[in-house]
Amino acid sequence: MNHWLVKSEPSEYSYDDLVKDGSTYWDGVRNYAARNNLKNMKVGDKVLFYHSVKEKAVVGISKVVKEHYQDPTTDDQRWVVVDLAAEKKLKKPVTLGEIKAEPSLSDIALVRQSRLSVMPLDAAAYNRIVDMSH
DNA sequence: GCCAACGTTGGC
DNA sequence: GCCAACGTTGGC
């Protein structure tokens, strides 16, 4: 199983929206690096859900329930979506500041490449972030 | 609201 | 195919 982190502006689509909807297709990715990450997601992979801009915190855990397929919001065949389902909201959001202050997380893409919207996490980084939410 | 980072576009 | 110009993202 792999681990990932996706970003969303909560004013566009928040983790609470995902909880309300149960699951959703993750659309709007228009960046090749992020798209390639979507294509590597497998059913059952865990995906941390990060709120950008205002909150700047990881707020919940979701999982992949359907692997990549053509983005239904465009005819452009370059772009794909995956289906994500809410799994568990974190008791306490883990903020970007906390992540940056954690030495073992200084190498993750969230910190190093702030504009990437879909990124892989290794299991250690994933578990560390989840631990920090307790 | 500013601006750095960085991806994309288009002229040559 | 290079690179300057431009647009967008997202942290501050």
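**View 1. Trp-26 and Phe-49, both buried, in a predicted model.** Trp-26 and Phe-49 are each buried, meaning under 20% relative accessible area, with exposed over 50% and partly exposed in between (1.4 Å probe, protein chains only). This is a predicted model, where local features need pLDDT of at least 70, side-chain atom pairs count only at pLDDT 80 or more, and totals for chains, interfaces and linings use all residues. Housekeeping: residues are numbered from 1 along each chain as its sequence is written, chains are lettered from A and ligands numbered from 1 in the order in which they are written, and side-chain values use heavy atoms, leaving out hydrogens and water.

**View 2. The aromatic pairs around Trp-26.** The structure holds 4 aromatic pairs; rings of Phe, Tyr and Trp (its six-membered ring) pair if their centres lie within 6.5 Å, and planes under 30 degrees apart count as stacked, over 60 as edge-to-face and the rest as tilted. One of them is Tyr-13 with Trp-26, edge-to-face at 6.5 Å centre to centre and 90° between the planes. Tyr-13 sits in the loop between strand E1 (3–8) and helix H1 (15–21) and Trp-26 in the loop between strand E2 (23–25) and helix H2 (32–39), so this pair ties together parts 13 residues apart in sequence. Helices (H or I, at least four residues) and strands (E, at least two) are DSSP runs, numbered from the N terminus. Tyr-13 is buried, as is Trp-26. Trp-26 also pairs edge-to-face with Phe-49, at 5.4 Å centre to centre with 85° between the planes. That pair links distant parts of the chain, as Phe-49 belongs to strand E3 (residues 46–51), 23 residues apart from Trp-26. Tyr-13, Tyr-15, Trp-26 and Phe-49 make up one aromatic cluster.

View 3. Val-53 lies in the loop between E3 and strand E4 (57–70), and its phi is near 65°, a positive value in a residue other than glycine. Val-53 is exposed, at 54% relative accessible area. Lys-56 is in the loop between E3 and E4, has a positive phi of about 50° although not a glycine, and counts as partly exposed at 39% relative accessibility.

**View 4. Side chains at DNA strand B.** Asn-31, Tyr-32, Gln-113 and Arg-115 surround DNA strand B; a residue is near a strand if one of its heavy atoms lies within 4 Å of it. A polar side-chain atom of Gln-113 is 3.2 Å from a phosphate oxygen of DNA strand B. For Arg-115, a side-chain N or O atom lies 2.3 Å from a base oxygen of DNA strand B.

Notes:
A polar contact is a pair of N or O atoms within 3.5 Å; within protein, one must be able to donate a hydrogen and the other to accept it, and residues adjacent in sequence count only if both atoms are side-chain atoms.
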